[in-house]
Every structure is written in C-alpha cells, then in structure tokens.
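The sequence and structure come first, and the description follows.

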Amino acid sequence: MRRLQQQAATLSRRSFIAASAAVAGSLTIGFRPAVAQDATSDATNPFQAYLRIGPDHTVTVLSAHMEGGQGIYSGLATLIAEELDADWEQMSVEGASGNPDLYGNKAMGGAFQLTGGSTAMVSSWQRYREAGAIARHMLVEAAAQQWGVAAEEIRIDRGVVSHPSGREGRLGDFVAAAAGLPVPAEISLKPRAEWKYIGNDEVRRRDTVDKTRGQQDYTIDVQLPGMLTAVLKRPPRFGGKVAGFDAEPIKAMPGVIDVVETPRGVAVVAKSYWEALKGRDALNVEWDESDAEKRGTAELMAMYKDAAVNGEGVAVHGVGDATRAMDDAEKTLDADFEFPFLAHAAMEPLNAVARYQHGRLEIWAGHQMPDQYQAVAAEIMGIDAERVTLHVMMTGGFFGRRAAPDSDVIVEVASIVKALGEGVPVRVQWSREDDMHGGKYRPMYVHKVQAGIDADGNPLAWSHHVVGQSILAGTPFEAALSADGIDATSVEGVDDMPYSVPNLAVRLTTTDVNVPVLWWRSVGHTHTAFVVETVVDDLARMAGRDPVEFRQELLSEHPRHLGVLNLVAEKAGWDKPAAEGIHRGIAVHHSFGSYVAQVAEVRLREDGTWKAERVVCAVDCGIAVNPDTIRAQMEGGIGFALAGIVHGEISMTDGRVDQDNYDSYRVLRMNEMPTVEVHIVESEESPTGVGEPGVPPLGPALSNALTAATGVRKRVLPLGNQV
Amino acid sequence: MIKLVINGESRDIDVAPDTPLLWVIRDHLQMTGTKFGCGRAQCGACTVYLNGSPTRSCVLPASAAQNAEITTIEGVSGRAAEAVQKAWTDLDVPQCGYCQSGQIMAAAALLEQNASPSDADIDTAMTGNICRCATYVRIRKAIHKAADEMRSEANA
C-alpha cells in the first residue's frame, strides 16, 4: 500500500512537505470537493471522487469503506482496475471520508458513510465499476485529443494506452487532461465474458506485502511531532460517573503532562503510553454509581429465564395459531437456550489520534461511521463540521466494534484535544483490559422454543420467545425500532426463517439493562441461527428423518438455500459414511444477503474432550468478485464463530466485568482451528457480502455434530470443550 | 541510559528501566512493525527475537534486554524468514494483518530450528500467537509451503 497522504503524518517534516508536493503533483482536483457533479451532466467526475492517478501511474482508489481485514480495499481496486484496464500492480487504495453524496452507503440508503452489515460490495458494485469505466472513457478521450486520432481506435491494456499508429503512453500521462473533460452521462460496463480481474482466483490482495513486513500502519502507529498519549480511567460499572479525583500526585509522575476529565472518564496524558498507563493505574477516582448497573450476569440470566417463561413479550411474527396447533402435534420438543455477552476483542485495542491546529481538527482512527464521528467531534470542539477531517485507517480487526453509536473513542480524543488546546496532538490508547471491560458486547439472550411435528413428521407448530436487550434502543439508530419497540436485530433469522411451518409465533421481550451492547459479527444471527438450525435438526431426529432430506423438503421454495445445502452435502460426502471416529452436523443460514451451509466434523477424544477437525462450507454470495477473499472470509468467519460458541463469555459480578485479557476471555488459537474447505456457488446475481455470513451456520453445525456424537444437546453457551 | 542493540544497531535510550521493550521499540525508536495486543504475553503480537529466541517484548523490561541482540520484524532475515514471507504473500495469509508480524517471527523461528515441522509441531510453536481474524488455515499452509521451498532450495 503506497504511503502517501494518509501516512504523511508519520514522516519527518521535510519528507511531509515532499509527500504533499507529490500528492499535489498527482493533480487530484480536490480530495473532498463540496460538489463533484459535472456541470453538464449529473454524473460524478471519478477523478474528483473515486480515484487519482499519479505521475508514476499509481492508481489510488479512494474507498468509501474501511478496511479491517475483510478485503474490501482490494475488492474496490478490482472493480476500478477491471473497468480502467489498469495493471493490477499499479493499484493502491486509501480510505476516504467527508462526503456522504460520494461515499454514503447505498445499501443503507446512501445518506451516510458506513462500513458494516456486509454491505460494502453491495454498495460499491455499480458505483465503483461506473467510476472506473467513466475514468477510462475520459482518459481515452484525452489521449485521442492529444494524439489527434479517433477515440475508438485507442486501446488500454494493463495500464498501457496505445494506438495502431504506434503511439503509446500510460495512464498518468493523460490524467491531467482527462480530469477536466466533460463527464459522460451514460457509460457501459464490461461484459462478464471480458472480465480479467473480477472473478479471477489469481488476483492477490494489494495490502499483503506490507503486512508481511511490518510496514502496514494502523491507528496505533500514527506518530505526530509532539504527540502525547492518553490512557483513561473509566467507571468500573457501566453508567457510573466521575464524582471526584486527585490529579496532583499523578501530575508529579515521570512523563505525565496533565490529567483531564472527559465525559467518559479521567484521562492521564503523558509523553508515552507506558508513562500514561502507570499514571492511570496510580490515579484514584471516586465514582458516582447511583445510575450504574450493579447486577451480575447470573442475576440477569435468572431474570431473563423468568421473563421467557412468565412474560408475554411483544408479538413479532405470526402464522396460523401455534398454541392451538401444538395440542395436535404428534411429538413436541421444548428447547431453552442461554447465550452470554460476547466481546469483539479485535487485536488492535481501541484507539484514536487527534490534532487540532489552525482551527482544523484531524482524527485518525478506524472510522466505521465517519460522518457521525465528524459531526460529534465538531460539536465537541465548537467548530463547523467541514473543519473536521477524518483519516480512515487500516484497522486491526473490527467485527462491528468501531461503529459506536455513542462515538466513544472519538468523544474521548476530541475532549482531551479541546482541553489541551491547539497544537498538541493526542493519542487515546485503550489497554487490552480497557477494551475487554469497555462494553459494547453482543447482548445476552434467552430463547424459549416449543416445536411440534405432525403424524407424518412434518413441522406443525413452532412457538418462539426471544428475551434480550435491544442494540438500537437509546442510540441515534432508535428510529429503526418498530412502532411496538421491536428491534429487528433481536429476531432476525427467526422471524424470517425459510422453513415452511404452518403455525409459527415469534415473540420478543426487550430487557432493560444498563450494559452497552452492539452489533457483533453477524449480529442477531449469532444466536438465532444456533436456535433455528438446532431445533430443525432435533425435529428431524424426532421424525426419524435425515437432517439434510428433512431440510430439502422444507426449503423446496428456497432455491438458494437449497443450492448451498445440496452443494455442501455433496462436497462433505453426506450420503456416505463418515470417516472412522468422525461425527457430522449440518446447518444452512441466510444472512446479509448471502446463503451459507456448513458441515462440521468432530472427533471425540479419549481425554473426554472433542475437537472440530474439518468444516466444509458452501457459499452463495452472487457474483464472486474475489473468490480467494470469499474463501478467506468463510475460513475466518468459521474460526471467529467457533471461539464465540465454544469459549466466548463475558460475565459480570455485581456489575463488574470478570474478564480482563485473552487468558480469561478465550478466543480461538491455532491448535483449535479445523481445516476448512470452501465451495462457491456459481451465480449471475449481483454480489452480496461475505464478512458476516460465514459465522451463523458454524455454531449449529457444530452442535448438531456433537449431538450426533453424544446423543446430548447442550443449549447453554459457551459449549466448552468437554464432551 | 539503557543500551540496546536492535537489528544490529546499537542505541542509547533514555527510558525508565522497567519500560517494556515493546514500548521502547515503538514509542522511543518509532519502529512500529512490532504490535501491542494485550500487554501480558497472551497474544504474541509483540514477538521479537532476543539473541535469536522469540520473546514477548510487552513483558520484557528494557533493562533485561540490555546488550542482547534484539531482532524485530523490520530486521528479520535469513532463509527461513524469506521463505515465510514469500509463502505468506503467495497464499494471501493476512486479513487485517495486525498479528502478522508476530506470526511471521514465530513461524520463521520454528523453521530455523525445525526444517520439517509436523502439524503438531506447528500447533506447539504457533498456538501462542492469536489471530482474531482466524487466518490459521493459511498460516499452517504457509509454514508447510515455506518448509517445502527451503527443502527444495537446499536440495538444488
């Protein structure tokens, strides 16, 4: 990844000036223009919005989405390179921000920029291909004018512009002239048969080389002259507030510059992280805990289970009459599930860097929601939003954590910068303990299910009560709650289940708990898929039917569910006996527009534990833009899910989080990762996302395998490794 | 003053002796390839070599690293490191990439002392390095690939 504008901050002053000159020399006409619309047409000038081409012919794609491992940077580079006919090796990508018209997430309505919900490729598929095609058109026109030839005679192949007369040039030779030409109102895109990069398995990511040499910069690596580091002491219980603190002894400690109160805790600001950390650890703060959550998770879970049994809940979805039909069922099943809080625990602990000078504020961070953070920071500083520039950084994992409705780390860094005054850059760095204790968890849930089959073994009735917190309530996204206060993310995957059940009743009880909660990679599907796919498996067993055949019948109206189910069953050899000592389970689930089915294979070990040895995965995500990235996201989603199902648990005692670090909050390690085989369904549909859809099916597939192995169904998570 | 030898270069650094080597490298020497993930030797993102052996720099006080030969990701070299970085690139191992400096340091150290690691050897050597993106399938494959390349180079 080229280290120009975005990383200019890490260079010395002299090289910063040189880097700025190089950027100016690339002749981008404004990085974030107020208006990029061409005067004569409504089309956006791509050179003012989506790409720039340097004199060295580097094509830098300006990404509407943040990169945190999911591969969208290279995905967008693929789209631009394809339509531009660029050489793959000349492609580079940077994060963009500050213009919702250009970068707003189209899958979310287009009004604001957002990375999340596995929507980046959905939002960008048309937009970035069009940008590349329009840019190509304008470059060809510029070359035609420069050479005095007809545009139709000009070819571009791997970044080389040529004409049969022998004239030749490269993209950077024409960009200055091209950017000033009229923007075509219409453009045609390359037909599928001509794709070189889209769908090509050989395309390698653009950020790999830097990441193998320690040369990829993240927020934690931003270094500005005179930068101080702040480590905050935050309330030990959620909802607690600062009542008082004694700054004087801390200010006397080595390296400590100041102690600053912020809306989210008290910051010790020092010359280095280590000095700030020591100062923070020595700081005494009195807390006002009158509004704090003092309950522990055991107490909360008891409350949830009681609500699941005795509470009415709000009706979410109904077909037929589940209560009455249950009485006619030949056999019924009672299934009660418990899900714990889960932490994102990305490898890069939360952080942000800010600098306020000459009346302008800059913030470097993993901005999943730049427009919101820009507005919040501007308000804190008391300046206009257009004086706030957000640098969207390559991020060390997010899984949803960096889309914070309360703008947590942005509030912290802006408050401190404001307190310290102009010219003092500040880095806020969370420790791992801060990150683990910091809330924003996948909520706890209880599901109470009763389901019944008829005499023919078909599902007859399904009664389902979900109990848990709303992620959206109390946030700027609250408007998305239904009139009855239903948070769709609490029931997604249940209320829209694909199985034809003639009598279905889904209810939701939203709980009032003062623990901050958030979307965690695949959100509601993290628990709903586990419930639905294990209940379906149990119904199949009750009916004496094979789990795959049972599902095939129930999914007869759902070809894309069937497609992945049948493909994974075939590739896993479901119709043949499993290998010696291996037990298998299957699950299929649709989330965020994509369809995924998985077969998990487990082995019971002599020491009384079990191991997941192999997962076979089939995915239908429409056109596979980057097949290898799709595979990687399935592999990673499976590993992420496995940790969440088997080990993940954030517990609280009297309102204090019990887990501090990776020793007490276990994530997946090398020795627990199964082998993974991924099969991608051929499709003509527009691409859908892959960041999250690989997660939901793993838990139930695993549970179904363990149940096949042991005859026992565990419904209290985490499952643990013991048989 | 603490004297440290980093990637062959001797540096005198004015830090409190209990400052973890990780923060000396990152904050005082501006070498940011070595990462902070946990601060308690749990995750491996801070892995450097101390006299050739993989070490968690986040819990090693600078005073304890004095006069030792320290190698970071910026300075790692040799056949194993080259083979590892090439295999990592061939297979597109990294996703977010934040843990990968530590993974590569650990993998190269494994191959320096074991030219044909089994899957169990890989488990033992690498289970200390967390990858939250779970790129483990590719890490394992890349280690085997690097070992194969080193073997065929040696036989050539």
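In this predicted model, the contact between the two chains draws 61 residues from chain A and 50 residues from chain B. Together, chain B and chain A bury about 4600 Å², of which 55% lies on carbon and sulfur atoms. Of the area that chain B buries against chain A, 18% is supplied by Gln95(B), Tyr98(B) and Arg132(B), more than by any other three residues.

Polar pairs also span this interface: 34 residue pairs are in polar contact between chain B and chain A, counting pairs with both residues at pLDDT 80 or more, and the rule finds 10 salt bridges across the interface. One of the salt bridges joins the side chains of Glu433(A) and Arg40(B), at 3.2 Å from N to O.

The helices of chain B listed below each supply at least two residues of the side that touches chain A.

| Helix of chain B | Residues |
|---|---|
| Helix 1 | 21–28 |
| Helix 2 | 79–90 |
| Helix 3 | 100–113 |
| Helix 4 | 119–126 |
| Helix 5 | 136–155 |

Helix 5 of chain B gives the largest share of that side, five residues. By class, the side of chain B that touches chain A comprises 23 nonpolar, 16 polar and 11 charged residues.

Chain A also holds an open sheet of three strands, in the order 4-5-6 and with antiparallel pairing. Strand 4 (155–157) and strand 6 (168–170) of chain A each have a single partner strand and stand at the edges, so one side of each is left without a neighbour in the sheet. From one strand to the next, the twist averages 25°. Strand 4 of chain A runs antiparallel to strand 5 (residues 160–162) of chain A and is joined to it by three bridges; Asp157(A) has Val160(A), in strand 5 of chain A, as its bridge partner.

Definitions and conventions. Residues numbered from 1 in each chain as written. Chains lettered and ligands numbered in written order. Predicted model: local features only at pLDDT ≥ 70, side-chain atom pairs only at ≥ 80, totals over all residues. Heavy atoms only, no water. Contact = heavy atoms within 4.5 Å. Buried area = accessible area lost by both parts, 1.4 Å probe. Salt bridge = Lys/Arg side-chain N within 4 Å of Asp/Glu carboxyl O. Polar contact = N/O pair within 3.5 Å; in protein donor to acceptor, adjacent residues only side chain to side chain. Helix = DSSP H or I, 4+ residues; strand = E, 2+ residues; numbered from the N terminus. Nonpolar A, V, L, I, M, F, W, Y, C, P; charged D, E, K, R; others polar. Pairing = 2+ DSSP bridges. Axes fitted to C-alpha atoms, helices over the stretch in contact; angles between N-to-C directions.
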